[in-house]
Amino acid sequence: MIITSLVLFLVTKMVLGSDHAHDHRIPTTLEGPFKPATRRFDPSLRRGSDDLPMDHPRLKKNVTLNFPEQISLAISSPTAMWVSWVTGDAQIGKNVTPHDPSKVGSEVWYGKKSGKYKSVKKGVAVVYNQLYPFEGLLNYTSGIIHHVRIDGLKPGTKYYYKCGDSSIPAMSEEQAFETLPLPSPNTYPRRIAVVGDLGLTSNTTTTIDHLIQNEPSMIVMVGDLSYANQYLTTGGKGASCYSCAFPDAPIRETYQPRWDGWGRFMQPLTSRVPMMVIEGNHEIEPQVAGITFASYLARFAVPSEESGSNTNLYYSFDAGGVHFTMLGAYVDYNATGSQYAWLKDDLHQVDRSVTPWLVAAWHSPWYNSYSSHYQEFECMRQEMEALLYQYGVDIVFSGHVHAYERKNRVYNYTLDPCGPVYITVGDGGNIEKVDVDFADDPGKCPSAGDNIPEFGGVCHLNFSSGPAKGKFCWNEQPEWSAFRESSFGHGILEVLNSTYALWTWHRNQDTYKENSHGDQIYIVRQPELCTQI
């Protein structure tokens with residue numbers, strides 16, 4: 001205990017002596033479980049805002065012909081990076097003709113000095129279609145989407161690059177990024193931004209501008225990206241509630257140009273900071289014949305093959321001394337399925353002496369005290385939770401609920417010092433507005449017929465033990481819910497060493513306040529207490 005206190009003192013002194021100078025001591029999870037706390041929605045704020053129009057300066061196309069746009073990065077391996085971009089014009093109409101992706105080359109020139117590119121790599125190009133064979137609906141075919149894997153990168157090094165087709169010539173302006181450290185118990189990404197349910201509203205703008213101010217070295221995006229499926233295929237105005245606005249739609253329609261707007265909106269950030277995405281329900285985007293996820297699968301390069309996964313719907317990667325496992329909540333998660341088998345194998349291969357931290361992320365939270373999506377993914381929890389606990393997962397990030405909630409360490413609805421810290425950050429600012437009702441508020445407990453998932457079964461249950469025994473909802477904030485607040489924002493994870501990480505949640509309305517935050521805590525690993533496989 002003396003050693004733990006000394007470590008806490010040294011870490012607190014180290015952090016407070018840098019860029020976290022506050023006049024209060026930051027708590028640690030060692031002091032938990034914490035008494036549940038709630039900060040209710042500020043009624044002086046609006047619950048949401050409309051989407052930015054397609055002619056907004058941050059959404060409209062500003063390159064010509066086959067010059068690259070929507071440039072983004074993703075981690076491939078500790079020494080490799082994916083570079084993705086789009087060329088040409090998407091088409092929308094009753095009759096659309098797909099581009100031939102072989103007509104425009106996929107090249108990345110890169111090097112350690114500005115203007116001097118010693119390496120060139122070539123990659124692949126794809127197009128995708130979103131087709132709706134219904135009367136009055138429009139079809140879409142994308143521009144050419146390019147993915148190039150550049151390798152041989154050195155850790156902690158700044159690289160300059162251009163992408164495009166040099167034979168046209170149509171190369172991008174120079175971009176730059178910094179590689180992450182190699183897997184090691186002593187080196188970590190400086191700042192990891194975590195955000196979800198982003199969309200393209202004025203609130204989204206505040207979230208991303210605030211996030212950029214915090215200078216992340218990588219981004220974890222926990223699903224629900226563009227919200228293109230809040231529209232009809234003809235465009236027009238997006239709806240905060242699709243089924244309310246368009247009850248007669250023959251299928252869940254989308255306006256795919258919103259994806260192109262989202263890529264342009266994100267480029268100032270994603271062209272220099274790698275963004276690791278996982279799908280949410282707004283990425284399903286069903287077409288006839290059971291086609292789903294067409295846009296998500298085509299637009300984003302992720303290290304699925306590199307991590308032994310056969311799909312971009314789940315994968316894993318290392319960032320310094322952190323192993324990230326990204327799970328798919330909208331693909332088979334049953335213990336008899338391929339994702340579960342892959343997850344078991346992925347967790348088994350993690351060497352905690354090299355990557356001490358194990359972080360998981362997926363879209364839909366298992367622990368959630370808001371009325372919205374309450375117990376919606378209980379089936380997934382029942383299938384997978386024991387495996388994550390067995391392998392000692394430290395932190396779990398999810399979105400889906402449009403609010404913030406940090407949980408006490410928990411396993412199987414029981415407070416457990418060896419359970420993960422579950423954090424919901426689905427508060428990126430999308431058009432569907434912030435969630436404000438809690439399931440434990442009078443009259444706000446959902447009925448058993450509410451919160452039916454868009455994928456998977458329904459496993460709603462009454463609690464079998466504890467203060468809520470025999471009930472579907474608690475009468476007060478559950479003991480596993482440490483802090484919750486209905487505000488838009490994003491989080492920053494700063495891993496300090498093999499046992500201490502500083503988690504800070506920044507609410508949007510505090511953007512312009514010095515050293516402000518909505519929630520802050522040191523998450524502390526205790527490998528000596530919690531035996532892991």
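This is a predicted model: local features need pLDDT of at least 70, side-chain atom pairs count only at pLDDT 80 or more; totals for chains, interfaces and linings use all residues.
Biologist: Why is Gly428 called buried?

Modeller: Buried means under 20% relative accessible area, and Gly428 has a relative accessible area of 0%, so Gly428 is buried. Its place is in the loop between β24 and β25 (481-485). Leaving aside neighbours within four places in sequence, Gly428 is in contact with several residues, among them Val195, Asp197, Asn203 and Phe488.

Biologist: How far apart are Gly428 and Gly491, in sequence and in space?

Modeller: The two glycines are 63 residues apart in sequence, and from C-alpha to C-alpha they are 9.9 Å apart in space.

Biologist: Why does Lys113 count as exposed?

Modeller: A residue is exposed when its relative accessible area is over 50%, and Lys113 has 57% relative accessibility, so Lys113 counts as exposed. Lys113 is found in the loop between β5 (107-111) and β6 (119-122), and a positive surface patch is formed by Lys113 together with Lys112, Lys116, Lys118 and Lys154.

Biologist: How do you know that Asp416 has no salt bridge?

Modeller: A salt bridge needs a side-chain nitrogen of Lys or Arg within 4 Å of a carboxyl oxygen of Asp or Glu. For Asp416, which is buried, the nearest side chain of opposite charge is that of Arg409, 8.1 Å away, and Asp416 has no salt bridge. Asp416 is found in the loop between β23 (414-415) and β24 (421-425). Residues up to four places away in sequence not being counted, Asp416 touches Tyr389, Arg409, Val410 and Tyr411.

Biologist: What is the phi of Asp224, and why is Asp224 called buried?

Modeller: Phi of Asp224 is near 60°, which is a positive value in a residue other than glycine. Its relative accessible area is 1%, so with the cut-off at under 20%, Asp224 is buried. The place of Asp224 is in the loop between β15 (218-221) and α3 (242-245).

Biologist: Why does Asn451 count as buried?

Modeller: Asn451 has 18% relative accessibility, which is under 20%, so Asn451 counts as buried. Asn451 is not a glycine, although it has a positive phi of about 55°, and its place is in the loop between β24 and β25.

Biologist: Why does Ala239 count as buried, and which residues is Ala239 in contact with?

Modeller: The relative accessibility of Ala239 is 8%, under the 20% cut-off, so Ala239 counts as buried. Ala239 lies in the loop between β15 and α3. Apart from neighbours within four places in sequence, Ala239 is in contact with Gln230, Ala245, Phe246 and Ile431. Ala239 and Ile431 are 192 residues apart in sequence, while in space they are 7.2 Å apart, C-alpha to C-alpha.

Terms used
Residues are numbered from 1 along each chain as its sequence is written. Side-chain values use heavy atoms; hydrogens and water are left out. Helices (H or I, at least four residues) and strands (E, at least two) are DSSP runs, numbered from the N terminus. Buried means under 20% relative accessible area, exposed over 50%, partly exposed in between (1.4 Å probe, protein chains only). Lys and Arg count as positive and Asp and Glu as negative; His and the chain ends are not counted. Contact means heavy atoms within 4.5 Å. Patches are made of residues with over 30% relative accessible area and no salt bridge: like charges are joined within 9 Å, nonpolar side chains (Val, Leu, Ile, Met, Phe, Trp, Tyr) within 5 Å. Accessible areas come from the Shrake-Rupley method with a 1.4 Å probe; for residues, only the protein chains shown count as cover. The place of a charge is taken as NZ of Lys, CZ of Arg, CG of Asp or CD of Glu.
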